[in-house]
Amino acid sequence: MTLLQRYFWKQVLYPLLLSLSALAALALLTQSLQTLDLIVENRQSGLTFLYITILALPQLISIIMPLAVFMATLYALNRLNMDSEMIVAKASGFSPWQIASPALRLGMYALIAHLIINLVIQPFAFSQMRSEILKVRTDIASQMVRAGEFVTPTVGLTVYAREIAPDGAMKDVIIYDTRDDSGATTHTAKSGYLTRGEESARLILKTGNVQQILDDGSLDLVAFDDYQIDLSDVMAMDSVLRKKPSDLYLHELLRPDQRVYANRKYRQELKAEGHNRLATPIYNLALVMLALCFMIRGEHQRMGYGRKIAICVAIGFIIRLTGFGLASAAESDPSLNIVQYAIPLGVCAGCTWYLLRRRRIRNLKHLFTRKSKSSKRERYAPS
């Protein structure tokens, strides 16, 4: 790149980083509200909340990247026009394609980065996030005990603790257990804590007693210093990791295993997701070229480019929203998968043709205008 092209490159790059950061922060804030409810309900740490939120970031960036590139390109080109730097570049002998080169490179780099995110980073991050959410949902400590509440984690078992310390230790514990055929038992203890292994879980109570009503109606009271309650059946809650289409890699989406995904409709949804991941990065280049069509060509306007920018933004958002709609419609109609590629590629082809042929179009327009005027003169000329 020449010195001027490097300058134009920086003028496009910095707004992109700023807009991408701002949009990502806004989307992350919206996403974090859902995660926050999950974390609070299950009494998880702030690090868990931060980890799950960061894992959701690749998909958010994938959604907003084409729009961020589009907005940054429009902003940079408008500023270059308003400061007359574009006119100076044209007067120095730079062709429109040389001026557009930095923005086109940015669009191509964004396309490649977007493709890497869609095919590698997003499925990996979402798989990790799904596993972490499963751990949160199946955390036996959070599912079993809540301070000051009677909780029934499984049929026949009710647990109460007056207070739960940050390290998980419980104080003033009451347990009502009817799972045993021998009858209901009530456990009370001054303290207790949960332990969990790979295939077992136990509630260990300290300094308490066990109460049970015998068949003759008498009360059997047994004091203890250390007592363990088996909670392995509580661990039997649904702990199977079920992946969604966003968690799968491209080969799993385009060639789903029919033994695992027997439902034909679901296989269509997977293929639609796979084609969407391949087609979406093209919008980065398509929207950049759309901005170039409106801002590179044409005469300099001292009064500003507000009207052009408004029209360009409207067309760009319509194109992107159409892409979202096609991705959703392709889940039920596989024939629309090819259309997911046709929209951005068609925009690229149309913009390329416009940028290359605009001078010829103008000449044809002038030629047509001259012919129409001459025909009018001949028609009304005196005989």
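**View 1. Threonine 207 sits in strand β5, residues 201–213.** The model is predicted, so local features need pLDDT of at least 70 and side-chain atom pairs count only at pLDDT 80 or more, while totals for chains, interfaces and linings use all residues. Residues are numbered from 1 along each chain as its sequence is written, and side-chain values use heavy atoms, with hydrogens and water left out. The backbone is what to look at: phi of threonine 207 is near 55°, a positive value in a residue other than glycine. With a relative accessibility of 38%, threonine 207 counts as partly exposed (buried is under 20% relative accessible area, exposed over 50%, partly exposed in between, with a 1.4 Å probe and protein chains only).

**View 2. Aspartate 172 is part of strand β3, residues 170–177.** Aspartate 172 isn't a glycine, yet its phi is positive, at about 55°. Its relative accessibility is 33%, so aspartate 172 counts as partly exposed.

**View 3. Helix α9 (residues 282–295) packs on helix α3 (residues 57–82).** Two packed helices are described by the angle between their axes and the distance between the axes. For α3 and α9 the angle is about 20° and the axes are 8 Å apart. That makes the pair roughly parallel (axes are lines fitted to C-alpha atoms, for helices over the stretch in contact, with angles from 0 to 180 degrees between N-to-C directions; under 35 degrees counts as roughly parallel, over 145 as roughly antiparallel, 65 to 115 as roughly perpendicular and the rest as oblique). On the α3 side, the contact includes Met65, Val69, Phe70 and Leu77, and on the α9 side Leu287, Val288 and Met295 are among the partners (contact means heavy atoms within 4.5 Å). The tally for this contact is 13 nonpolar, four polar and no charged residues (nonpolar: Ala, Val, Leu, Ile, Met, Phe, Trp, Tyr, Cys and Pro; charged: Asp, Glu, Lys and Arg; polar: the others, Gly among them).

**View 4. Helix α9 meets helix α10 on another contact, with axes that come within 10 Å.** The two axes cross at roughly 160°, so α9 and α10 are roughly antiparallel. From α9, Tyr283, Leu287, Leu290, Ala291, Phe294 and Met295 take part, and their α10 partners include Ile309, Cys312, Ile315 and Arg320. By type, the contact splits into eleven nonpolar, two polar and two charged residues.

**View 5. Helix α9 on its own is buried along its length, 14 of 14 residues.** That is why α9 is largely enclosed by the rest of the structure. Its end C-alpha atoms are 20 Å apart, and 14 residues at 1.5 Å a residue should span 20 Å, so the two agree (the expected span is 1.5 Å times one less than the number of residues).

**View 6. Helix α10 runs over residues 306–329.** Buried residues of α10 include Cys312, Gly316, Ile319 and Arg320.

**View 7. Tyrosine 109 belongs to helix α5, residues 96–137.** Tyrosine 109 and leucine 285 are 176 residues apart in sequence, but their C-alpha atoms are 9.0 Å apart in space. At 49% relative accessibility, tyrosine 109 counts as partly exposed.

Technical notes. Helices (H or I, at least four residues) and strands (E, at least two) are DSSP runs, numbered from the N terminus.
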